[in-house]
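This report describes one protein model for a reader who has not seen it before. The sequence and structure come first, and the description follows.

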Amino acid sequence: MRRLEHVYRRRIPPEKVMTSELARLLSDLSREIRRQIGILVERRGTIALVIVGDQKGITIPELSRDRTGILRLRGLRLIHTHLQGEPLNEEDLTDLALLRLDVMVALSVRENDVPGNVYSAHLLPDNREKKVWKIDPASTLTQLLELDFYNWIQALEDEFQRGQRAIALRGAEERAILLSVSRESRTTLEESMEELKELAETSGVQVVDAMIQRPQSLSSATLLGEGKLKELLVTCLQLGVDLIIFDQNLTPGQIASISDRTELRVIDRTQLILDIFAQRAHTREGKIQVELAQLKYLLPRLAKKTLAFSRLTGGIGGRGPGETKLEIDRRRVRERIHLLEKELVKLSRAREQRRARRSKSELPVLSIVGYTNAGKTTLFNLLTQSQSHVEDKLFATLDPATRRWRFPGNHEVVITDTVGLIKNLPKDLIVAFRPTFDELQESDLLIHLVDISNPFFEAHIQDAEKILSELGLDHIPRLLVFNKEDRLDPETVEAVCRRYATFSISGHRPESLKGLLVAIEQRLWKGTPSTTCPVASGEFLEERYHDSLRRVGGEHGRPF
Ligand SMILES: Nc1nc2c(ncn2[C@@H]2O[C@H](COP(=O)(O)OP(=O)(O)OP(=O)(O)O)[C@@H](O)[C@H]2O)c(=O)[nH]1
Ligand SMILES: [Mg+2]
């Protein structure tokens, strides 16, 4: 014990990996106790830790996690003994990667007193072959001692940083690697990944890489197997990224174990969507709803006290609506949830009154629903000549807008623009936005708008229908309408419309709305069965429609 303790007093000159005296000492001690012995050495040559293992290996205890933002090598190297002269094994390489060690060295202990082969490996900067580490050929202690360690490690660090810089920085945005791990079909995963990219970009994240993994079996703890986890970490190190966004929703335990193993920040699809909502909520009610959803999502995950969340206080995932930061303390989270819920009840009373006022007027209510980015707000603006915010991003609209609109023949309706739908809409979000969605219950007609130019529009129709029925809205008459017809050739549009027995419009061309106006009028005032499809045929295009289109919006588009 005393001799082992004395190892701490040794010092290695900064320009050397090791000294021959120390190598000899470790080897002798190892042979005597028949156990591996390892030392963790700092850059300046002091010995941070002496570890005694067993015959086959050593276990490195939890290291301090002082990190300063960017991911880099830890500045520690591990030098340890191997009793049988065996080369570096899988566990050694795992430690090298997961702990981001400067270098991993194994010294063979031989019976005849002289240390035998020396094995070493180090991590590699970004490279074309996508290699993670380099295992050096077996060498001798003398060769190892010849290495100018100080300059070698500086050069390696420089190369890492060059690799990180090679990805152009777009402002102060966050950079992330997207990851999808599932047994589903590759096309499904690719489709979903495309959407995740859009979501990430919408929330202001620069996507540096996107990986899809379809393992034979899923590891319940980390989803990814050990080997993939290592690769992921080294890729992050090579690219200078410390944020991973999973396309799958992770359990609290999975988030905890992945981020504990890798020290990366890990967020999942739900958190990303919540983050976008947090950035976009503008009204008081919207902000409260989003914060409530975030806190409810966070609460069970706080039980696992992990880095994942302690690190999230700043950036994505830890962003509350407006400039607020999400609270990390469980008790305070509970109190806050309670407070927000009370406020929501108050606000929903006001909403109730507004709704009562509206229903007294007995005007039919028309709501535009559909997948996010379908063009709902564009159509709403066109019809009501409003200036609601339109953007080629997901979830441009969070706060539903409502306007009164006069139809041809003096009919009046109330039109509502709504929050976009998306597959796997987080449960907490649906609960929080319940009052908003509940308002849709008052609708007399839902216009289900679909972006026909989106390659995945069929899945979008299904996803939207599924959510509508989950929200208990499937009893309301629905009109499926394809939007953005201007983006495809007319034949394709026609074929799709025929298949779905409906028609198409373009929110960018007012003259394309005739069929829609006819259809709405028939549904709302003439009781036409909802299965037939009134395609805008010549006979419908009476003067009054032309007239009404000229007046689209006009003085009738006032807030209601
Ligand atoms: N080419 C073309 N683009 C359209 C059409 N309608 C809308 N867009 C564009 O599609 C994008 C999304 O439009 P929005 O009206 O914000 O879509 P939304 O359904 O309200 O989206 P969220 O509120 O985010 O759910 C914008 O860039 C619009 O300019 C159309 O008919 N043709
Ligand atoms: Mg919108």
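## Overall picture

In the protein, residues 24 or more positions apart make up 69% of the contacts with a separation of 6 or more, a contact being heavy atoms within 4.5 Å. The model is predicted: local features need pLDDT of at least 70, side-chain atom pairs count only at pLDDT 80 or more, and totals for chains, interfaces and linings use all residues. Residues are numbered from 1 along each chain as its sequence is written, chains are lettered from A and ligands numbered from 1 in the order in which they are written, and side-chain values use heavy atoms, with hydrogens and water left out.

The protein has 19 helices and 16 strands. These are DSSP runs numbered from the N terminus, with helices being H or I of at least four residues and strands being E of at least two. Of its 560 residues, 55% count as buried. Buried means under 20% relative accessible area, exposed means over 50%, and partly exposed lies in between, with a 1.4 Å probe and protein chains only.

## Helix pairs

Axes are lines fitted to C-alpha atoms, for helices over the stretch in contact, and angles run from 0 to 180 degrees between N-to-C directions.

| Helix pair | Angle | Axis distance |
|---|---|---|
| α7 (residues 226-239) and α8 (residues 252-262) | about 55° | 10 Å |
| α16 and α17 (residues 490-500) | about 30° | 13 Å |
| α9 and α10 | about 155° | 9 Å |

Angles under 35 degrees count as roughly parallel, over 145 as roughly antiparallel, 65 to 115 as roughly perpendicular and the rest as oblique. A crossing is left-handed if the near helix is turned anticlockwise from the far one by less than a right angle, and right-handed if clockwise.

Helices α7 and α8 pack at an angle of about 55°, so α7 and α8 are oblique to each other. Their crossing is right-handed. On the α7 side the contact is made by Glu226, Leu229 and Leu233, and on the α8 side by Ile258, Arg261 and Thr262.

For α9 and α10 the angle is about 155°, and α9 is therefore roughly antiparallel to α10. The crossing of α9 and α10 is left-handed. Residues of α9 in the contact include Leu274 and Phe277, and those of α10 include Val290 and Tyr297. Threonine 283 is found in the loop between α9 (269-280) and α10 (284-302). With a relative accessible area of 35%, threonine 283 is partly exposed. Its C-alpha atom is separated by 9.0 Å from that of leucine 398, which is 115 residues apart from threonine 283 along the chain.

Helices α16 and α17 have an angle of about 30° between them, so α16 and α17 are roughly parallel to each other. The crossing of α16 and α17 is right-handed. Phe457, Glu458 and Ile461 of α16 make the contact with Val496, Arg499 and Tyr500 of α17.

## Aromatic rings

Rings of Phe, Tyr and Trp (its six-membered ring) pair if their centres lie within 6.5 Å; planes under 30 degrees apart count as stacked, over 60 as edge-to-face and the rest as tilted. By this rule the count comes to four aromatic pairs. In one of them, the rings of phenylalanine 149 and tryptophan 152 have centres 5.9 Å apart and planes at 35°, so the pair is tilted. Both residues lie in helix α5 (residues 149-165), three residues apart, about one turn of the helix. Phenylalanine 149 is buried at 1% relative accessibility, whereas tryptophan 152 is partly exposed at 24%.

Phenylalanine 457 and phenylalanine 482 form an edge-to-face pair, 5.5 Å centre to centre with 90° between the planes. Phenylalanine 457 lies in helix α16 (residues 457-470) and phenylalanine 482 in strand β15 (residues 478-483), so the pair ties together parts that are 25 residues apart in sequence. Phenylalanine 457 is buried, with a relative accessible area of 9%, and phenylalanine 482 is buried at 0%. Ring pairs link Phe457, Phe482 and Tyr500 into a cluster.

Arginine 77 lies over the face of phenylalanine 149, at 4.2 Å from the ring centre. A charge sits over a ring if NZ of Lys or CZ of Arg is within 6 Å of the ring centre and within 35 degrees of the ring normal.

## Aspartate 92

Aspartate 92 lies in helix α3 (residues 90-98) and counts as buried at 7% relative accessibility. Not counting residues up to four places away in sequence, aspartate 92 touches His80, His82 and Met104. The C-alpha atoms of aspartate 92 and methionine 104 are separated by 7.3 Å, and the two are twelve residues apart along the chain.
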